[in-house]
Amino acid sequence: MKCERCGSRTATVRYAEVVDGSLTTWHLCEECASERGVTGSLTSLAGPLVNILMGLLEGGGGAASVDSGPTCPRCGLTYEAFRRAGRLGCGTCYEAFASQLKPLLRRIHGSTDHTGGVPSTDEGGHFRRKEISKLKRELTRAVAAEDYERAAELRDTVRARERELGGTETGDVDA
Amino acid sequence: MWTLETMMSEAAGWLDASGPEPDVVLSTRVRLARNLSGETFPCCSSDEEAERVRERVLSAVSSCNYLTNVLVLRMEDVDAVTRRVLVERHLISAAFAEDGAGRAVVAGEGELVSAMVNEEDHLRLQCIRSGLSPVDAWRMVERIDSELERNLHYAFSSDWGYLTACPTNVGTGIRVSVLTHLAGFSRTGRIAQVLKSISKLGLSVRGFYGEGSAAQGGFFQISNQTTLGQSEEDIANTVERVAGQLVNLEHEARSELTRTDEHRLEDEVWRARGILANARMITSAEVMDLASSLRLGVALGIIDAPGLAALNRLLVVTQPGHLGRTCGETPSARERDVARADLVRRSLAGLN
């Protein structure tokens with residue numbers, strides 16, 4: 001696609017900007033990106049405007065180095081940009097921001113664990129992976145309760161399930 | 001053939017008051033939020049990405065056995081008035097009516113099943129049923145979703161379930177909402193208390209047109225607030241149970257009204273009919289209030305006509321977008337009020 005600023009060169013940089021709490025995404029060519037102050041790759045996104053806004057947000061006096069938290073390696077959204085716009089950029093953001101999202105999800109939903117439906121095709125072995133993590137939790141409990149017979153059983157089941165899973169393609173989120 | 005014209009000329013199937021508890025519950029809506037794995041969410045995607053997502057979703061829709069007779073509208077081909085009509089028919093959100101890349105709406109016959117492509121999430125699939133039927137509506141939407149899933153690889157994590165743009169929808173991605181008419185509570189002065197206890201049960205309350213809309217005429221949408229940590233079936237059951245209790249309490253409030261203040265209630269109902277049948281100019285808010293009184297009157301047997309279905313339809317067809325379509329061009333608010341009064345009189349004609 002063409003650069004949204006000059007309209008002639010090919011856009012290679014995706015630049016996310018947060019203004020008044022809403023997220024705008026620009027697709028720019030290298031030249032226009034650097035003119036706008038977007039340097040390097042998108043993952044080090046640091047437009048001057050974003051910096052100023054974040055400086056204000058953090059209560060600092062417009063400090064130049066502002067920690068915008070982790071950045072999603074896939075779409076380039078920073079945690080700070082998410083916090084301001086309230087929308088994640090892609091499925092990978094959930095992994096990239098996992099430690100920040102957990103307490104947030106607990107506050108919103110009172111839970112951080114999905115117990116509802118899984119894709120009918122179970123492509124990528126999501127369902128089996130979920131079963132494995134449940135079995136592992138049970139295994140820990142069995143060990144804590146010194147029920148070694150049960151623990152051995154569970155360990156064998158976990159190994160068998162993990163072998164089964166090894167043959168399937170892994171999904172982008174859990175990989 | 002199910003076309004935009006036939007759809008516009010008919011009222012949505014879910015307004016026909018054929019479902020359970022039609023005197024208190026107009027409709028039940030269940031929607032699922034889904035995103036495609038490996039694609040950027042609509043908020044951050046490029047036009048090309050949005051376009052690709054749209055074509056992938058529409059191709060899955062076209063090979064879904066439950067979506068054989070559907071209308072597919074690419075939003076760039078839809079004019080402003082029609083967009084407003086789609087909002088009023090609960091087919092799209094107000095935000096979706098604005099411009100955005102790769103947007104499309106899919107509507108099944110009778111508008112019982114529909115989908116938005118590239119709203120906040122890649123796919124918002126919904127099923128609307130008449131009356132109180134969360135569990136039935138969930139089962140229907142689940143069947144379609146499973147079919148679509150055979151051709152669409154959804155973004156899903158075994159910890160967090162279906163991944164959505166907004167963390168408030170993550171997990172099941174389900175929103176179950178019932179559109180209720182709490183006319184009794186609104187008149188006994190206990191509505192605030194009732195709404196407060198509903199929110200204590202973890203459900204949220206909104207107006208007729210959802211998020212941000214005012215509750216006019218005692219119409220309230222009640223829906224689940226959380227989507228993670230419970231199964232879809234449990235969520236649907238909870239809404240069904242709470243709404244069921246609400247229906248019983250609303251019935252009690254209505255009988256209390258007839259016991260304590262029958263004449264005033266009868267007077268209100270007949271005056272409402274008088275105004276609706278004779279007004280020469282009327283706003284949509286006034287129609288909503290008067291139709292609410294009339295609906296209560298019909299439910300309590302004070303008056304027999306028009307029926308609940310006709311009143312439900314009136315609430316939708318008197319909205320500005322619907323009138324804009326019949327008035328043509330861009331009518332002023334005043335012209336719309338005249339056209340609205342005319343439409344209402346014609347709907348109630350011959351009821352003397």
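**The largest cavity and what surrounds it**

Reply: The lining of the largest cavity is made up, by class, of four nonpolar, five polar and one charged residues. Keep in mind that this is a predicted model.

How big is this largest cavity? Its volume is about 70 Å³. The structure holds six cavities of 30 Å³ or more.

Now name the lining. Trp14(B), Ile128(B), Val178(B) and Leu179(B) are among the residues around the largest cavity, and these are nonpolar. Ser27(B), Thr28(B), His90(B), Ser177(B) and Gln221(B) are also in the lining, and these count as polar. Arg29(B) lines the largest cavity too, and Arg belongs to the charged class.

Which strands each supply at least two residues of this lining? They are strand E1 (25-34) and strand E8 (174-181) of chain B.

His90(B) sits in the loop between helix H3 (80-88) and strand E3 (104-108) of chain B. Is His90(B) buried or exposed? Its relative accessibility is 14%, so His90(B) counts as buried. The backbone is worth a check as well. Phi of His90(B) is positive, about 65 degrees, although the residue is not a glycine.

Ala17(B) belongs to the loop between helix H1 (4-9) and E1 of chain B.

Follow chain B past E1. The loop between E1 and helix H2 (47-62) holds Ser37(B). Ser37(B) has a relative accessibility of 14%, so this residue counts as buried. Look at its partner along the chain. Ser37(B) and Phe156(B) are 119 residues apart in sequence, yet their C-alpha atoms are separated by 7.4 Å.

Together, chain B and chain A bury about 3400 Å², with 57% of it on carbon and sulfur atoms. Phe156(B), Ser158(B) and Trp160(B) supply 22% of the area that chain B buries against chain A, more than any other three residues. The contact involves 40 residues of chain B and 41 residues of chain A.

What does the partner look like? Chain A has seven helices and two strands. Along its sequence the pattern is β-β-α-α-α-α-α-α-α. Chain A has 175 residues, and 38% of them count as buried.

Ser231(B) also touches chain A. Besides any neighbours within four places in sequence, Ser231(B) contacts Thr115(A), Gly116(A) and Thr172(B). Ser231(B) lies in the loop between E10 and H7 of chain B. Its relative accessibility is 18%, so Ser231(B) counts as buried.

The buried residues here are Ile191(B), Val194(B), Leu195(B) and Ile198(B). Seen down the axis of H6(B), they fall within an arc of 95 degrees, so they line one face of the helix. An α-helix has 3.6 residues a turn, so residues three or four places apart point the same way. On the other side of H6(B), the exposed residues are Ala192(B), Gln193(B), Lys196(B) and Lys200(B).

What do the buried residues of H6(B) pack against? They meet helix H5 (183-188), strand E9 (203-206), strand E10 (219-224) and helix H7 (232-278) of chain B. After H6(B) comes Gly202(B), with a positive phi near 85 degrees.

Pro306(B) is placed in the loop between helix H8 (284-299) and helix H9 (308-317). A cis peptide bond links Ala305(B) to Pro306(B), with omega about -5 degrees.

Helix H10 (residues 320-327) of chain B has Pro320(B), Gly321(B), His322(B), Leu323(B) and Gly324(B) as its buried residues. Their cover includes H3, H8, H9 and helix H11 (333-348) of chain B. Just after H10(B), Gly328(B) has a positive phi of about 75 degrees.

Terms used
Residues are numbered from 1 along each chain as its sequence is written. Chains are lettered from A and ligands numbered from 1 in the order in which they are written. This is a predicted model: local features need pLDDT of at least 70, side-chain atom pairs count only at pLDDT 80 or more; totals for chains, interfaces and linings use all residues. Side-chain values use heavy atoms; hydrogens and water are left out. Buried means under 20% relative accessible area, exposed over 50%, partly exposed in between (1.4 Å probe, protein chains only). Helices (H or I, at least four residues) and strands (E, at least two) are DSSP runs, numbered from the N terminus. The arc is that of the directions from the helix axis to the C-beta atoms. Contact means heavy atoms within 4.5 Å. On a 1 Å grid over the protein atoms alone, a cavity is a set of points where a 1.4 Å probe fits but cannot get out, and a pocket is an open set with protein on both sides within 12 Å along at least five of seven lines; lining residues have an atom within 4 Å of a point. Grid points are joined across faces, edges and corners, and a volume is the space filled by probe spheres set on the points. Buried area is the accessible area (1.4 Å probe) that two parts lose on being put together, summed over both.
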